[in-house]
Amino acid sequence: MSASVAVCRDVYTEDRFRQTYGAGDAPRPGRLRGRLSRGRGCSRAGCLRLLRERAPVLAWLPRYRLRTWILGDAVAGLTVGILHIPQGMAFALLTSVAPIYGLYTSFFPVVLYMLFGTGRHVSTGTFAVVSLMTGSVVEQLVPVPLELNSSSPEAADFEAQRIGVASAVAFLSGIIMLCMFGLQLGFLSTYLSEPIVKAFTSAAAFHVTVSQLQSMLGLRLPRHTGAFSLFKTLASVMENLQLTNVAELVISLVCLAVLVPVKEVNTRFRQQLRTPIPVEILTVIIATGVAYASSLNSRFDIEIVGHIPAGFPRPRIPALHTLPEVAGDTVAITFVGYAVSVSLAMIYADKHGYSIQPNQELLAHGISNTVSSLFTCFPSSATLATTNILESAGGYTQVCFGTSFNLPYCAVLACINVTSLRQMFVQFQDLPELWRVSRIDFAVWLVTWLSVVVLNVDLGLAIGVVFSMMTVICRTQRCSVASNTEIYRPIDNHSKCYEVPGVKILTYNGPIYYGNRSFFRADVNRLLGLSPERIRRIEKARKAVEKREREAIRTVVRSPRTQCHVNRQTRLPMCTSPRWLIEVQAVLIDCSGVAFVDVAGARLFIQVHTSSHVLLLRHGGN
């Protein structure tokens with residue numbers, strides 16, 4: 001038995017609706033004045049709440065489940081700490097600084113993020129893309145001299161200049177993040193959509209791989225920066241291929257033959273393995289032992305890392321005089337590092353059922369970079385590989401972190417760099433699904449990838465973001481106007497629905513603003529049949545009818561084209577228009593799907609009303 005429901009309500013005008021239900025002009029609690037008024041009071045409870053918000057460690061550490069979580073955190077921390085050793089030194093090469101500074105960057109930011117971060121499964125430290133972008137800045141400001149003896153005092157001063165620039169980038173990046181936190185700009189990370197992030201990291205992986213070719217082949221070549229740097233590096237490697245150090249090439253091939261299969265085993269049997277096989281640190285240890293026992297550096301002229309000092313570095317002021325020169329590149333580095341960090345934090349927060357605070361992440365990474373820069377660290381962020389390993393190894397909270405020591409040759413570190421980018425290369429597997437789901441997102445992915453590969457990392461990212469925003473603008477411009485029935489359903493999608501005779505109901509799902517007003521009016525005119533020629537004919541006929549009505553006031557006249565009669569109430573003659581003039585007597589525009597209307601859109605409604613003289617509006621609450 002079917003039940004029917006009848007809804008009876010009055011018909012409201014906008015003024016009557018406001019009188020009955022209120023004008024809706026009350027201040028919303030989310031406005032700035034409301035926030036400031038709520039923050040005026042100062043109490044002990046409020047201060048403690050603010051302290052817990054700004055230092056989340058004070059909130060989760062007292063509730064730490066020692067018996068349940070300590071084993072998983074200990075295993076995950078040890079596993080990630082072992083991986084941080086070779087990865088930190090390897091990514092230091094991308095930054096064009098000594099490997100020891102990669103170890104420092106794998107320690108200080110980790111400790112600071114543990115205190116201020118909200119991501120429980122995020123591993124911070126060195127990240128390939130951020131290191132590569134920082135290395136480009138270092139190479140531009142402190143290029144390698146033509147002849148540099150690694151044992152000379154000039155070499156030590158050269159390394160100090162390079163880490164000074166890299167630390168200045170980290171310092172400025174941290175200051176920018178702290179300013180963004182003060183302005184509550186955490187939402188800016190949303191402008192990096194998923195296709196942009198995946199295409200950007202995948203294309204950056206190509207830059208990293210090509211930049212490591214010279215180390216894997218034992219070539220001593222200058223590093224190229226700027227537009228088309230990838231192709232310039234490839235051309236330089238091909239031109240000097242005959243100078244390849246055979247010993248370093250053999251070492252690279254052996255390392256790749258070990259690293260690639262073991263990493264594949266770690267990936268495929270992730271569920272069965274309690275902890276991943278630490279192949280990177282094993283490779284480093286074995287390579288270091290072989291190099292020390294056989295004196296490969298002196299016998300085959302193999303480039304080695306050299307001495308790594310023990311202990312912690314002394315605090316040192318970064319090269320602040322370079323801040324004006326690195327400011328532009330630092331903005332791009334900051335945006336990329338923060339976006340990747342927040343994206344990773346959100347992914348694992350959703351997976352494990354908790355939430356993060358994007359603005360608090362700005363504070364955490366801002367403090368991490370600012371303070372770490374005083375200890376000769378380069379810019380840091382969340383890392384893809386170690387975050388994935390930390391979560392799969394059973395980590396529960398920010399307690400799991402680690403660091404350490406050591407020193408192999410550059411060919412081994414270059415191989416570790418290349419193999420650590422496997423996750424970025426396999427993102428090509430997502431393209432068929434992306435094509436099926438959204439071809440516009442596929443185009444965003446493709447444009448971003450090509451821009452980063454062909455041009456440069458920072459310029460390509462900017463092009464990807466601009467192109468993505470242009471696709472959004474174009475989609476709002478090209479929203480189509482559809483003809484509806486009295487139940488507000490499109491006629492094209494429902495074959496049994498019919499229009500009300502003499503009434504045209506139109507719907508539009510999108511904003512009406514200066515960017516799409518011409519498209520909107522063209523669609524409305526097309527559905528109403530209001531071509532410029534017909535509008536002129538209607539206007540001419542309307543004026544003729546008005547003229548006849550004025551004449552009929554004085555004397556009632558019947559004409560073959562216009563029929564007149566006397567109104568019983570006013571006792572005045574009334575004339576009706578010809579049939580071809582009144583095919584559409586009323587136009588109803590459903591604005592329930594209109595997000596906003598600007599000044600140009602409001603004027604457009606007036607123009608359409610003036611043209612058709614039959615416009616009515618149904619306001620949907622927007």
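Predicted model: local features only at pLDDT ≥ 70, side-chain atom pairs only at ≥ 80, totals over all residues.
Local features need pLDDT of at least 70, side-chain atom pairs count only at pLDDT 80 or more, and totals for chains, interfaces and linings use all residues. Residues are numbered from 1 along each chain as its sequence is written, and side-chain values use heavy atoms, with hydrogens and water left out.

**Nonpolar patch**
- V265, F269, I277, L282, I286 and V290 form a nonpolar surface patch. Its members have over 30% relative accessible area and no salt bridge, and nonpolar side chains are joined within 5 Å. A salt bridge is a Lys or Arg side-chain nitrogen within 4 Å of an Asp or Glu carboxyl oxygen.
- Together these residues have about 500 Å² of accessible area (Shrake-Rupley method, 1.4 Å probe).
- Helix 13 (residues 279-294) gives the most, with 3 residues. Helices are DSSP runs of H or I, at least four residues, numbered from the N terminus.
- V290 lies in helix 13. V290 counts as partly exposed because its relative accessibility is 40% (buried is under 20%, exposed over 50%, partly exposed in between).

**Positive patch**
- R52, R63, R65 and R120 gather in a surface patch of positive charge. Like charges are joined within 9 Å, with the charge of Arg placed at CZ. Lys and Arg count as positive.
- R63 sits in the loop between helix 4 (57-60) and helix 5 (66-94). R63 is exposed, at 60% relative accessible area.

- D157 belongs to helix 9 (residues 153-182). D157 is partly exposed, at 44%.
- The D157 side chain makes a polar contact with the Q161 side chain (2.8 Å). Such a contact pairs N or O atoms within 3.5 Å, one able to donate a hydrogen and the other to accept it.

Terms used: Helix = DSSP H or I, 4+ residues; strand = E, 2+ residues; numbered from the N terminus. Buried < 20%, exposed > 50% of the residue type's maximum accessible area, 1.4 Å probe, protein only.
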